[in-house]
2 protein chains.
Amino acid sequence: MTENLTTTISSASQTVEISRDFPTVMIGERINPTGRKKVLAALQEGDFSIVKQDAILQVEAGAKILDVNAGVPGADEPELLKQVMQMVMDATDVPLCIDTADPEALRAALEIYEGKPLINSVNGEDKSINAILPLVKEFNAAVIGLCMDDTGIPSTPEDRLAVAEKIITHADKLGIPAEDVIIDPLALTMGSDHNAGRIALETIELVAEKFGVNITMGVSNISFGLPDREYINSTYLAMAIYAGLTCPITNPLVTEIQTAVQAADLSMGRDEYGSRWIKAYRERQKKESES
Amino acid sequence: MTENLTTTISSASQTVEISRDFPTVMIGERINPTGRKKVLAALQEGDFSIVKQDAILQVEAGAKILDVNAGVPGADEPELLKQVMQMVMDATDVPLCIDTADPEALRAALEIYEGKPLINSVNGEDKSINAILPLVKEFNAAVIGLCMDDTGIPSTPEDRLAVAEKIITHADKLGIPAEDVIIDPLALTMGSDHNAGRIALETIELVAEKFGVNITMGVSNISFGLPDREYINSTYLAMAIYAGLTCPITNPLVTEIQTAVQAADLSMGRDEYGSRWIKAYRERQKKESES
């Protein structure tokens, strides 16, 4: 059994440790205009009030890290990403996951970030590796490595493991330790391939077993095109945590998601005396009685 | 990797195959007066209408096997068990799981049963092994082996594996093949030991890995004494299925349980084109619109 590595992410005032020995760390996914028309329109008009609200609500609901994406078509992404990040840093104290495909926007964001951020993401393409990993090193960040490369997303767990290995090896050559690489096995939708869930779960096991690194995943995609998505997402999330997922990118505001993560930690003996479960239950009760 | 064994259970008209290569088989738990005062009172008065209703509703909700327990304090258990079983066999076509601690009642039940039943249960005590396994052989049944013995329920997964091995070995000596032994790792409540869930999950993995046998478990006990039990039970169930549980004894009438089992099968690639998921969704919708 490979040793479980610990990834440390920080803001100016908070440190988050991610490991299979600790409770699951939820990375809040909501600060992202992709597929959210209201957020997109607000950002286009320079209105950051939804961003602020999303930041606060997600942290209240248990997110320990917030993903920040400002990918608005036609916008000046470096400038917009900085503004959104600044708003989130002003509104909350949690560390951020800087989510951009644009290396220029990434550098701009890294320059204003206080602490050790998580970068979302690098993939197995040489172009991506050469553009992103030097920034990870320069700014002493951690990075999410996606199991895809020039040929697309491999269809077998073994081939996805090979992409993870390529990213971890290149990071190591630049002096980035394995604990600062968090692998995303990539969950495709089971709506078009009923083996998509199984393949991602097996990838998690292989990567965790071989490298001991932390694992992230955007879980909601798994159920795209299928009905009753919250049941699928929450069930899948619990199984993925059992397989080795440590820091899902997800929506903590969905009760099924929140309880699945908490119950999964409880089931794996990561919640001493069930005290976090009981506390979360009381908070849900309080919220219900208030609404 | 050990080969996944297939357990075959049958009624007069139906055959159920249990294996890690097939969808999860739910064994309906509700025909049991333990802790159900209404059922207890009805059985004491010779009223079997609740039993009949429980049988029909559980099968409609997806139970492929029904557990039948007639443990009413002070009653003539051999006679009562036979009556309850006959009622269930008249009301539904599914195979039964005969649930009694009384070898005499077990023999009486086996004598009237048509098909190959599942016997619930034998444990690792010599007394239990010597009383139950010969009946399993004589009636060509399958049997649930509980991971406990004279010393109680072992506290480590390795010691529970040893009890499972003892039962499987003794069964083999009598000519009962391993595929006819289904192991129950025993889920104690996390309400009094926060490692109880993890220990049972690890036991499942060890037993499945070493023997390839099927695994059952009464899941609801895991959350005894904790709040929001349906969230814990459904999450735990999905994780246990991932670990190797194949035929949980559970309440299929609880939506969270039903969806967790179906979503777990979907997530493990056991639901081609997601067609069973979509069908179950439509049935839930229909039921909601009717109620």
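Colleague: At what angle do the axes of α7 and α8 of chain B cross, and how far apart are they?

Modeller: In this predicted model, the axes of helix α7 (residues 196-211) of chain B and α8(B) cross at roughly 25° and come within 8 Å. An angle under 35 degrees counts as roughly parallel, so α7(B) is roughly parallel to α8(B).

Colleague: Which hand does the crossing have, right or left?

Modeller: α7(B) passes α8(B) in a right-handed crossing.

Colleague: Which residues make that contact?

Modeller: From α7(B) the contact uses Ala196(B), Gly197(B), Ala200(B), Leu201(B), Ile204(B) and Glu205(B). From α8(B) it uses Tyr236(B), Met239(B), Ala240(B) and Ala243(B). By class, there are 8 nonpolar, 1 polar and 1 charged residues in the contact of α7(B) with α8(B).

Colleague: Turning to the two chains, how do α8(A) and α8(B) cross?

Modeller: The axis of helix α8 (residues 229-243) of chain A comes within 9 Å of that of α8(B), and the two cross at roughly 50°. That angle makes α8(A) oblique to α8(B). The crossing is right-handed.

Colleague: What does each helix contribute there?

Modeller: α8(A) contributes Thr235(A), Ala238(A), Met239(A), Tyr242(A) and Ala243(A). α8(B) contributes Thr235(B), Ala238(B), Met239(B), Tyr242(B) and Ala243(B). The contact of α8(A) with α8(B) has 8 nonpolar, 2 polar and no charged residues.

Colleague: How many aromatic pairs are there over all chains?

Modeller: The count comes to 1 aromatic pair over all chains. In that pair, the ring centres of Tyr242(A) and Tyr242(B) are 6.2 Å apart and the planes stand at 85°. The pair crosses between chains, from helix α8 of chain A to helix α8 of chain B.

Colleague: Why is the pair edge-to-face?

Modeller: Planes over 60 degrees apart count as edge-to-face, and the planes of Tyr242(A) and Tyr242(B) are at 85°, so the pair falls in that class.

Colleague: Are those two tyrosines, Tyr242(A) and Tyr242(B), buried or exposed?

Modeller: Tyr242(A) counts as buried because its relative accessibility is 14%. Tyr242(B) is also buried, at 15% relative accessibility. The cut-off for buried is under 20%.

Colleague: A new topic: where is Thr246(B)?

Modeller: Thr246(B) lies in the loop between α8 (229-243) and β9 (249-250) of chain B. With 3% relative accessibility, Thr246(B) counts as buried.

Colleague: What does Thr246(B) touch, not counting residues up to four places away in sequence?

Modeller: Thr246(B) touches Ile18(B), Ser19(B), Arg20(B), Thr24(B), Val25(B), Asn214(B) and Ile215(B).

Colleague: Finally, at what angle do α1 and α2 of chain A pack?

Modeller: Helix α1 (residues 37-44) and helix α2 (residues 49-60) of chain A pack at about 130°, with their axes 8 Å apart. That makes α1(A) oblique to α2(A). Lys38(A), Val39(A), Ala42(A) and Leu43(A) of α1(A) meet Ile50(A), Val51(A) and Asp54(A) of α2(A). These residues divide into 5 nonpolar, no polar and 2 charged.

Note on methods
Residues are numbered from 1 along each chain as its sequence is written. Chains are lettered from A and ligands numbered from 1 in the order in which they are written. This is a predicted model: local features need pLDDT of at least 70, side-chain atom pairs count only at pLDDT 80 or more; totals for chains, interfaces and linings use all residues. Side-chain values use heavy atoms; hydrogens and water are left out. Helices (H or I, at least four residues) and strands (E, at least two) are DSSP runs, numbered from the N terminus. Buried means under 20% relative accessible area, exposed over 50%, partly exposed in between (1.4 Å probe, protein chains only). Contact means heavy atoms within 4.5 Å. Axes are lines fitted to C-alpha atoms, for helices over the stretch in contact, and angles run from 0 to 180 degrees between N-to-C directions. Angles under 35 degrees count as roughly parallel, over 145 as roughly antiparallel, 65 to 115 as roughly perpendicular and the rest as oblique. A crossing is left-handed if the near helix is turned anticlockwise from the far one by less than a right angle, and right-handed if clockwise. Ala, Val, Leu, Ile, Met, Phe, Trp, Tyr, Cys and Pro count as nonpolar, Asp, Glu, Lys and Arg as charged, and the others, Gly among them, as polar. Rings of Phe, Tyr and Trp (its six-membered ring) pair if their centres lie within 6.5 Å; planes under 30 degrees apart count as stacked, over 60 as edge-to-face and the rest as tilted.
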